[in-house]
Amino acid sequence: MSNVVRTAWFLATRYFFKFSKWTSGLIIFVITLTFLNLVVVSGLLVGLIEGSIVGIKELRTGEVFIAPTEQNQYIKKYNELFNVLDNNKDIKGYAPRYVSDARLYKDYKTSIYRRVGEVGVDVYAIVTGIDFKKEKNFFGLDKKIIEGRWFVDTDVNSVILGSRLTAKKDEKLFTDERVLGDIKPGEIIEIRFENNTSAPKKFQVIGIINSKQQEYDYGILIPDRELREILGQGALLGPDNIGIRITSKADTTYVINSIKASTDNSLINVRSSEESIGKYIGNIRKTFVLLSNAVGTISIVVVTVMLFIVIFISAITKQRQIGILKGIGISPLSLKLSYMFLSFMYTFFGILIGLLILIFFLIPYFDANPIDFPFSDGILFVTIPGLITKILLLFVMSIFAGFLPAHLITKRNTLNTILER
Amino acid sequence: MTNILQVRNLIKSFKDGDHLKKILNGINLDIPEGQFLSIIGESGAGKSTLIYQMSLLDVPTSGSISIFGKETSNLNIKEQAEFRLNNFGYIFQDSALIKELSVLENVKLSLLAKGISNKKAEEMSKETLTKVGIGEMINRYPSEISGGEKQRVAISRAIVGKPSIVFADEPTANLDHETSEKVMKELKNISDELKITIIMITHELEYAERADRMIEISDGNIINDSSINK
């Protein structure tokens with residue numbers, strides 16, 4: 001058997017290096033494109049969702065996310081919870097967020113922000129009270145300011161406005177999206193807080209944030225101490241959620257369990273980032289994976305057919321040569337394997353070039369220039385197991401595409417192939 | 001001398017429309033070991049068909065072919081290929097070299113298939129190529145050498161594995177007189193020095209008479225079988 005393989009490899013390498021350089025180049029080019037199509041198209045499709053998931057984790061939930069249970073509108077006994085979090089060595093930091101308990105997503109009439117002097121420009125938004133130092137240190141939210149600046153200690157009556165609220169008409173994602181329009185840092189807006197009977201209060205916009213997180217981009221950020229002052233302790237009873245960053249060596253599940261063990265679980269849900277994101281995005285991810293697989297399958301079929309045709313034409317034009325080789329005693333299996341190896345070599349070089357392009361160009365490029373989608377920074381999402389699966393799939397298809405046409409030619413009568421009849 | 005090849009009542013027929021056309025009409029032939037046999041005859045007489053049957057490239061309609069006393073009709077395709085690899089050498093009319101392989105690689109291919117190490121195969125191939133006078137062309141490709149040189153590469157390929165029988169199908173057909181002379185000289189040397197049995201088809205009586213024995217075929221029958229006095 002080793003002689004059969006050795007002879008096949010000997011022939012395949014000679015065929016490969018003596019084959020027309022243009023033809024070989026074209027075949028390898030198509031395989032490279034197919035490989036990139038398989039990896040990049042699916043990587044970008046899934047990357048849109050992964051980018052969103054990464055964004056949620058990095059900017060909002062952290063590794064562990066605490067939210068009130070369904071029966072509770074806010075996190076109760078939060079001082080005890082803060083105590084537990086402060087004393088957990090696996091926790092690097094956490095950021096509680098407070099929202100106005102008057103937020104009404106669908107009732108635009110009751111909550112009004114409007115620019116001074118303008119009548120009728122009013123939209124609904126969520127006001128989130130944040131510990132701006134913690135958000136900066138643990139979640140890097142300050143890096144998402146696209147105009148103006150982040151909060152400083154001396155800020156009073158200052159807010160950061162979500163970028164979507166400043167969107168112009170032609171930038172609106174949805175036709176029914178309501179926006180304040182073109183607002184620049186330094187301008188004054190009025191905010192009437194829900195469940196607060198006092199008159200609208202004026203605030204200076206100090207920055208515009210574009211974080212790709214709906215909670216922030218469609219809302220307003222305000223230092224939590226100021227929100228407490230405005231609404232009073234009676235209205236702002238506890239955090240709406242807490243994002244937690246754990247140390248690099250800590251295990252998420254272990255941290256979750258240790259928090260659960262020290263707190264009243266009837267009041268809060270302690271979840272990992274992935275759990276908190278929920279099934280909705282998981283389902284979108286599955287759909288995108290399915291979609292990319294469908295696109296990938298088509299390209300694999302195309303490259304298989306192409307390789308089949310190339311090998312078949314090559315074998316049929318070498319029909320007499322195959323007959324002569326069989327005639328002098330070269331095993332038919334050697335001849336079939338030689339074409340299989342030839343196909344394998346084309347695939348190998350196609351994938352190799354594709355990998356080089358992927359590693360040294362595409363991944364660094366998309367890392368440096370993520371695709372700007374409204375809900376995420378689209379990244380090129382490539383996993384090693386996924387990559388290996390696709391490479392193996394291409395190799396299996398190339399083996400099939402090389403072996404089958406050679407089998408069809410070599411099974412013909414030896415003398416007939418020598419005499420070309 | 002023992003017979004290396006025995007043909008008994010060999011019939012080969014092809015379907016020609018509704019009826020069978022007999023190309024070989026009950027051939028009987030004994031070929032002793034080491035003999036240089038030439039086969040002559042008109043075009044369509046059946047000489048190529050006979051050599052294809054004897055060299056196991058084709059399957060006869062009926063009759064038997066024994067090589068070393070072993071009946072070959074019951075060999076399967078794989079066994080036939082192994083048998084050809086280990087016992088036969090072939091020289092085709094147009095040399096039939098593999099254009100993707102260099103001269104050296106063309107010769108050593110069958111040795112590699114036999115399981116001989118690459119180093120040994122190269123040594124044996126170089127030695128054989130030198131013997132036929134083209135030792136300096138080992139790195140050239142078939143497209144870079146002349147017709148006569150190609151045929152000498154084909155001879156080298158046929159004999160490098162020291163086969164028991166070499167089948168030569170009109171080895172001088174496409175060559176000029178001078179080159180044909182050189183090829184015939186090589187074949188004669190092989191026969192004399194290596195004692196390899198050679199079965200050669202030729203159209204030219206001049207070359208057929210260089211053999212030890214000559215048979216003439218007409219309409220699928222041996223009509224003349226004569227030893228040649230040197």
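This is a predicted model: local features need pLDDT of at least 70, side-chain atom pairs count only at pLDDT 80 or more; totals for chains, interfaces and linings use all residues.
At what angle do α1(A) and α10(A) pack, and how far apart are their axes? They pack at about 45°, with the axes 7 Å apart.

- The crossing of α1(A) and α10(A) is right-handed.
- On the α1(A) side, the residues that meet α10(A) include A:Val4, A:Trp9, A:Leu11 and A:Phe16.
- Among their partners in α10(A) are A:Leu333, A:Leu337, A:Phe341 and A:Met345.
- Sort the residues of this contact by type and you get 13 nonpolar, three polar and no charged.

**Where chain A meets chain B**

- Here 20 residues of chain A are in contact with 19 residues of chain B.
- On the chain A side, the elements giving two or more residues are α1 (2-18), α9 (319-327), α10 (332-368) and α12 (414-418).
- The top contributor on that side is α1(A), with seven residues.
- The chain A side splits into eight nonpolar, eight polar and four charged residues.

**The four-stranded sheet of chain B**

- This open sheet runs in the order β2-β1-β4-β5, and its pairing is antiparallel.
- Its edges are β2 (19-32) and β5 (70-71), each pairing on one side only.
- Inside it, β1 (residues 3-16) and β4 (residues 62-67) of chain B run antiparallel and are joined by five bridges.
- Look for B:Val7, which stands opposite B:Ile65 in β4(B).
- Helix α1 (residues 47-54) of chain B lies across β1, β2 and β4, running at about 120° to β1(B).

**The six-stranded sheet of chain B**

- The order in this open sheet is β6-β7-β8-β3-β9-β10, and the pairing is mixed.
- At the edges sit β6 (88-91) and β10 (221-227), each with pairing on one side only.
- From one strand to the next, the twist averages 15°.
- Strand β9 (residues 213-218) pairs with β10(B) in the antiparallel sense over six bridges, and B:Ile217 stands opposite B:Ile222 in β10(B).
- Helix α5 (residues 147-159) of chain B packs on this sheet, touching β6 and β7 (165-169), and its direction makes about 170° with that of β6(B).
- Helix α6 (residues 177-194) of chain B lies across β3 (36-41), β7 and β8 (197-201), running at about 155° to β8(B).

Conventions:
Residues are numbered from 1 along each chain as its sequence is written. Chains are lettered from A and ligands numbered from 1 in the order in which they are written. Two residues are in contact if their C-beta atoms, placed from the backbone, lie within 7 Å. Ala, Val, Leu, Ile, Met, Phe, Trp, Tyr, Cys and Pro count as nonpolar, Asp, Glu, Lys and Arg as charged, and the others, Gly among them, as polar. Two strands pair if DSSP finds at least two bridges between them. Axes are lines fitted to C-alpha atoms, for helices over the stretch in contact, and angles run from 0 to 180 degrees between N-to-C directions. A crossing is left-handed if the near helix is turned anticlockwise from the far one by less than a right angle, and right-handed if clockwise.
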